[in-house]
Amino acid sequence: YKAQLFYTKSIVVPNKWTVRFAVTKDMNYHIGNAQREMVGYTDRSELTFSFHDSEVTLQIAEESTVDGWDILPHQYPCKIVKDDVDSYGFYNAGLPQCSIDLLATDVCTKRLHHQINIKGATDPELSLFLNCYLDTMVEGTVPGISILKKSPEHLDVYHLLREKSASWNQFRIELGLDSNFEDTLQNNISDDNDRLDRVLTKWNEAKPSPVTWAKILETLKNIQFLDVAGKVVAYLRRHDVIQRYSMKEDYTE
């Protein structure tokens with residue numbers, strides 16, 4: 001038998017993906033039919049297995065959170081019945097499948113890589129992985145410039161900020177984000193780069209304080225990161241942006 005995972009990203013709910021776990025016979029005709037039914041599901045992974053019991057069940061909780069990602073099955077338990085798989089393609093039988101929503105919270109890691117065991121297969125160690133990557137929400141937050149520009153001849157402002165990721169909480173304080181947010185990050189995320197990402201994202205979403213180059217430089221200056229501020233100014237000069245914000249050019253090492 002062939003198990004396939006199909007992924008699609010919601011165009012309505014930000015940072016939400018739906019995964020469908022579908023099972024067919026390991027035959028090209030059935031596999032192809034399943035793939036045609038999943039129009040709009042852009043990513044796919046698969047594995048081959050044999051039934052030991054009359055059904056296979058994903059060992060997944062009714063609701064769970066892993067690395068800041070909410071994992072929400074549409075039905076519980078998530079199981080596929082062998083008779084339903086054998087009937088697929090005959091008597092108008094539908095594709096046997098289970099659906100799972102993956103929802104990225106404010107404190108999630110950039111990547112979800114979560115193993116789920118499958119009960120009821122011949123191989124007792126059989127498992128699959130849920131893989132999902134968070135879209136970078138810092139992209140484009142500064143008007144007129146992408147601070148994640150990857151041209152090798154230009155400085156990458158985002159990565160310049162990440163030089164100081166260990167001081168993510170200083171950024172949080174200077175940007176006026178709630179102290180509860182500090183506790184949330186401390187308790188749920190271990191990587192300083194990911195913590196800084198969440199701080200910048202939270203700032204980007206805050207109103208009425210939009211992200212601007214002037215505010216970035218002011219923040220760097222206030223927390224005594226003049227070396228990074230100087231590099232950012234050099235980047236802005238190169239892109240002819242600095243004049244539009246009437247910035248002082250006194251940032252030095």
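Predicted model: local features only at pLDDT ≥ 70, side-chain atom pairs only at ≥ 80, totals over all residues.

Student: Okay. Which strands form the open sheet, and in what order?
Tutor: Four strands form it, in the order 7-4-9-10. Their pairing is antiparallel.

Student: Which strands stand at the edges?
Tutor: Strand 7 (78–81) and strand 10 (127–133). Each has a single partner strand, so one side of each is left without a neighbour in the sheet.

Student: And how much twist is there from one strand to the next?
Tutor: The twist averages 20°.

Student: What about strand 4 and strand 9, how many bridges there?
Tutor: Two bridges, in the antiparallel sense, between strand 4 (residues 55–58) and strand 9 (residues 111–119). For leucine 58, the bridge partner in strand 9 is isoleucine 118.

Student: Switching to strand 8. Why is it largely enclosed?
Tutor: Strand 8 covers residues 97–104, and six of its eight residues are buried, so the rest of the structure largely encloses it.

Student: Which strands does strand 8 pair with?
Tutor: Strand 2 (residues 16–24) is one of them, running antiparallel to strand 8 and joined to it by seven bridges. Strand 6 (residues 69–73) also pairs with strand 8, again in the antiparallel sense, over five bridges.

Student: Give me a bridge partner from each.
Tutor: From strand 8, glutamine 97 is the bridge partner of alanine 22. Leucine 102 in strand 8 is the bridge partner of isoleucine 71.

Student: Is glutamine 97 buried or partly exposed?
Tutor: Partly exposed, because its relative accessibility is 27%. The cut-off for buried is under 20%.

Student: What does glutamine 97 touch?
Tutor: Leaving aside neighbours within four places in sequence, glutamine 97 is in contact with Arg20, Phe21, Ala22, Met38, Gln75 and Ile80. With arginine 20 there is a side-chain polar contact of 3.2 Å. As for valine 81, 16 residues away along the chain, its C-alpha atom is 9.5 Å from that of glutamine 97.

Student: Now lysine 2. Where is it found?
Tutor: In strand 1 (residues 2–9).

Student: Buried or exposed?
Tutor: Lysine 2 is buried, at a relative accessible area of 9%.

Student: What does its side chain make a polar contact with?
Tutor: The side chain of glutamate 46, at 3.4 Å. Beyond neighbours within four places in sequence, the contacts of lysine 2 include Ala22, Val23, Ile31, Leu47 and Phe49.

Student: Rings, then. How many aromatic pairs in the whole structure?
Tutor: A search finds five. One of them joins phenylalanine 171 and phenylalanine 225. That pair is tilted, with 6.1 Å centre to centre and 40° between the planes.

Student: Where in the chain are those two?
Tutor: Phenylalanine 171 is in helix 4 (residues 168–174). Phenylalanine 225 is in the loop between helix 7 (213–222) and helix 8 (226–238). The two are 54 residues apart, and the pair links distant parts of the chain.

Student: Are they buried or exposed?
Tutor: Phenylalanine 171 counts as buried, at 3% relative accessibility. Phenylalanine 225 also counts as buried, at 10%.

Student: Last one. Which residues do ring pairs link into a cluster?
Tutor: Tyr1, Phe49 and Phe51. Phe49 also came up among the contacts of lysine 2.

Notes:
Residues numbered from 1 in each chain as written. Heavy atoms only, no water. Buried < 20%, exposed > 50% of the residue type's maximum accessible area, 1.4 Å probe, protein only. Pairing = 2+ DSSP bridges. Phe/Tyr/Trp six-rings, centres within 6.5 Å; stacked < 30°, edge-to-face > 60°. Axes fitted to C-alpha atoms, helices over the stretch in contact; angles between N-to-C directions. Contact = heavy atoms within 4.5 Å. Polar contact = N/O pair within 3.5 Å; in protein donor to acceptor, adjacent residues only side chain to side chain.
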